[in-house]
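Take a walk through this model, one contact at a time.

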Amino acid sequence: MTGALTWSLRMYERLLSLYPEYLRRDYGAEMVLVFSEDLESARREAGLPGVLRVWFRELGEFVRFAIPVQTSSPALVVPALTFAVFAVMISIEMGVALRHLPTAATLLQELPATVTIPLFSTPFIAFAVVRTSRSRTELLDLSQLTEWERAECSKSAF
Amino acid sequence: MIYHQMIMSRSDPPLPPATFFILFALTSGEKHGYAIMRESRKLSDDSFQLGPATLYTTIQRLLDSKWIEEAPGPEDGDPRRRYYRLTKQGRWALDHEVRRMEALVKKSIALRLLSVGAKS
């Protein structure tokens with residue numbers, strides 16, 4: 001059981017890295033401490049069901065706090081979007097191929113050609129998306145500015 | 001949104017459960033995060049479970065609103081822990097919320113939605 005607790009703590013510490021920065025920075029150590037005490041107490045009082053209950057609650061918190069942060073980050077949005085575009089293009093190409101190629105053997109012969117177009121176009125789409133998100137992030141990241149710089153920015157048209 | 005500014009108006013919304021139970025837990029004295037978590041669970045008869053992220057997000061909001069403040073913990077305590085205690089504003093806000101609930105219960109009894117002493 002101690003092994004399970006150690007594993008749980010390691011897992012929680014990893015998950016914590018996906019939480020909002022203010023929480024990790026100001027309360028990270030305390031959150032780990034609170035989680036470990038809660039887990040230990042749940043194990044003492046209810047055994048495995050207790051540990052599972054703590055993890056179930058933690059899953060809810062993860063969805064509420066970490067997922068919104070991650071889905072607003074270009075680091076996740078860009079690959080997800082690229083993958084989605086790639087998957088859609090592959091599906092369209094496969095659909096067209098299946099309609100025109102009656103046998104599976106012929107389809108397999110034509111598969112490399114079918115995949116080629118999306119495969120080559122995806123990096124270009126990814127590049128365009130990365131450029132767009134990066135420029136958006138740079139524009140929006142006003143928190144890094146000093147008070148004086150922010151005041152100057154607000155005077156300008158920007 | 002600063003809670004203590006919100007609550008000054010007559011049409012103030014009820015406190016969120018996490019805020020209410022953290023303030024409630026601190027009425028019996030200063031506590032660290034885990035003690036607040038345990039106390040709020042006890043006060044709600046295990047019906048309200050606070051997780052670490054909800055706990056510390058709410059604590060941060062309450063500190064910003066000056067409803068709670070950090071307190072010096074015991075000298076031999078764990079240095080990783082921070083202790084918190086209610087401020088006058090926090091106590092006032094909790095009192096206000098309890099009165100609001102009391103008024104609701106009285107109205108429910110008057111409308112026979114709730115009978116005193118009856119088992120649910």
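Start at Met31(A). Leaving out residues up to four places away in sequence, Met31(A) touches Tyr12(A), Leu16(A), Tyr19(A) and Leu23(A), along with Pro52(B), Ala53(B) and Tyr56(B). Contact here means heavy atoms within 4.5 Å.

Some ground rules. This is a predicted model, in which local features need pLDDT of at least 70 and side-chain atom pairs count only at pLDDT 80 or more, while totals for chains, interfaces and linings use all residues. Residues are numbered from 1 along each chain as its sequence is written, chains are lettered from A and ligands numbered from 1 in the order in which they are written, and side-chain values use heavy atoms, with hydrogens and water left out.

Now widen the view. Met31(A) is among the residues with the most contacts inside the largest nonpolar core, as are Tyr19(A), Tyr56(B), Ile59(B), Ile68(B) and Tyr84(B). That core has 44 residues. A nonpolar core is a set of buried Ala, Val, Leu, Ile, Met, Phe, Trp, Tyr and Cys residues joined through side-chain atoms within 4.5 Å. Buried means under 20% relative accessible area, exposed over 50%, and partly exposed in between (1.4 Å probe, protein chains only). Two or more residues come from each of α1 (2–16), α2 and α3 of chain A, and from each of α2, α3, α4, β3 and α5 (88–110) of chain B. The most comes from α2(A), with eight residues. Helices (H or I, at least four residues) and strands (E, at least two) are DSSP runs, numbered from the N terminus.

Turn to chain B. Its five helices and three strands follow the pattern α-α-β-α-α-β-β-α along the sequence. Of its 120 residues, 42% are buried. Among contacts with a separation of 6 or more, 52% join residues 24 or more positions apart.

Helix α3 of chain B spans residues 33–43. Its buried residues are Gly33(B), Tyr34(B), Ile36(B), Met37(B), Glu39(B), Ser40(B) and Arg41(B). They pack against α2 (21–46) and α3 (48–71) of chain A, and against α2 (17–25), β1 (31–32), α4 (52–64) and β3 (83–86) of chain B.

How do the axes of α2(A) and α3(B) cross? They come within 9 Å and cross at roughly 45°. Axes are lines fitted to C-alpha atoms, for helices over the stretch in contact, with angles from 0 to 180 degrees between N-to-C directions. The two helices, α2(A) and α3(B), are therefore oblique to each other. Angles under 35 degrees count as roughly parallel, over 145 as roughly antiparallel, 65 to 115 as roughly perpendicular, and the rest as oblique. Val34(A), Glu37(A), Asp38(A), Ser41(A) and Glu45(A) make the contact from α2(A), and Gly33(B), Tyr34(B), Met37(B), Arg38(B) and Arg41(B) from α3(B).

Stay in α3(B) for Ser40(B). Why does Ser40(B) count as buried? Its relative accessibility is 0%. Beyond its neighbours within four places in sequence, Ser40(B) is in contact with Phe21(B), Ala25(B), Phe48(B) and Leu50(B).

Finish with the backbone. Most residues other than glycine have a negative phi. Asp45(B), in the loop between α3 and α4 of chain B, has a positive phi of about 55°. Asp45(B) counts as exposed, at 68% relative accessibility. Arg112(B) lies in the segment after α5 of chain B, and its phi is also positive, near 60°. Arg112(B) counts as exposed at 78% relative accessibility.
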